[in-house]
Amino acid sequence: MKRFVKILIIALVIFSLFVLPLQAAGTIKIGGIFPITGPVATFGISCANGAKMAVEEANAKGGVLGSKIELIIEDDQYKLEEAANAARKLIERDKVVAIVGGVTSSEALTIGPIAQSSKVVLVTGTATNPKVTQVGDFIFRVCFLDDFQGEVMANFAYKNLKAKTAAVLTAVTSDYSKGLADAFKKKFTAIGGKIVADESYSEGDTDFRAQLTKIKALKPDFVFVPGYYSDVAPILNQARELGITVPFGGGDGWDSPELLKQAAKAAEGCFYSNHFTPDAKDLLVQTFVKNYTKKYGMAPDALAALKYDAMKFLLEGIKKAGSADPVKIKEALASMKTFRGVTGSMTFDANRNPIKSAFILQIKDGKVVYYTTVKP
């Protein structure tokens, strides 16, 4: 009997040491947190599409480290409480080794501390607020920051559009909007421009006429609205109704086909900064655009491209680590000083932020077209 018990114990030890790890090695679980429903749903859908496509391409080539990648997607509905719940669920119940998500800066700043305290890597492709990676060394991103984006638009308005005065309309409930507005105002005044109006609103507001009436009275040469498309569209419509004809501009939060649908002619002649243009002639970009369009029936926007790059960057880190251990993945990603993605070639600073070019896009004849590139 004793001999049987010893044999049983030995068998269980062998099973736990060798068999279970082999079973676990069958898949590497990665979480995705995106606002697939809610006010910025087009952001979430594009991000999910980009991430899924990167995973499917990797699995078609045999996966990573001989294991298939399993992408577990959660919809946070653009609600911070849901984003936090999704992060905890993915980490504690699903046992993911990393998360690709945090579409907006507010979402990333909610998910980040949970990932950091759990020692699970978070790679965001789209959260541009500088504070995101300051949360800790498990947080990475492949998008440029609001500081750079705000400066790009300030320089563009002053030098290219010859605007000497500007008005700013900021969403005070958004970390993204506030960060971008601050960067724009600081740079615009530093190069000789004057901010004649500094107005605000809350995300989800529907009537912006009071703020726009004040702006109209001060006759700015340019109006900067660093918001998300769901707010920007009614702002543009109401501005044109009030007779404001000067160019409006913004950041990557404008990037959605819904903006063109909802604002239509009111968006004509406006400009915004972005991370990606499908018009780039680079073979890597054109291959991505072709494959994405074939798969989803539409050309990719910047959100899709960024999350595709974020997932590719993460998978490269896992491959470089030679392990699915989150700490080793973190160390491998930190050692990657360069990365070439469909949103451009990038290097990384000490805070795990990329240094990369930005694109200025124009809304012309009802379409978004490439205008110019701004290098860092």
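A charge is taken to sit over a ring if NZ of Lys or CZ of Arg is within 6 Å of the ring centre and within 35 degrees of the ring normal. In this predicted model, lysine 164 lies over the face of tyrosine 158, at 4.1 Å from the ring centre. Arginine 352 is placed over the face of phenylalanine 140, at 5.9 Å from the ring centre.

Phenylalanine 43 and tyrosine 228 have ring centres 5.6 Å apart and planes at 85°, so the pair is edge-to-face. Phenylalanine 43 belongs to helix H2 and tyrosine 228 to the loop between strand S8 (222-224) and H9, so the pair ties together parts 185 residues apart in sequence. Phenylalanine 43 is buried at 2% relative accessibility, and tyrosine 228 is buried at 6%. Phenylalanine 184 and phenylalanine 224 have ring centres 4.2 Å apart and planes at 10°, so this pair is stacked.

The 13 residues of helix H9 (residues 229-241) should span 18 Å, and the end C-alpha atoms are 18 Å apart, which agrees. After H9 comes glycine 243, with a positive phi near 95°.

Further along, threonine 277 is in the loop between strand S10 (271-274) and helix H11 (283-296). Threonine 277 is buried, with a relative accessible area of 4%.

Methods. Residues are numbered from 1 along each chain as its sequence is written. This is a predicted model: local features need pLDDT of at least 70, side-chain atom pairs count only at pLDDT 80 or more; totals for chains, interfaces and linings use all residues. Side-chain values use heavy atoms; hydrogens and water are left out. Helices (H or I, at least four residues) and strands (E, at least two) are DSSP runs, numbered from the N terminus. Buried means under 20% relative accessible area, exposed over 50%, partly exposed in between (1.4 Å probe, protein chains only). The expected span of a helix is 1.5 Å times one less than its number of residues. Rings of Phe, Tyr and Trp (its six-membered ring) pair if their centres lie within 6.5 Å; planes under 30 degrees apart count as stacked, over 60 as edge-to-face and the rest as tilted.
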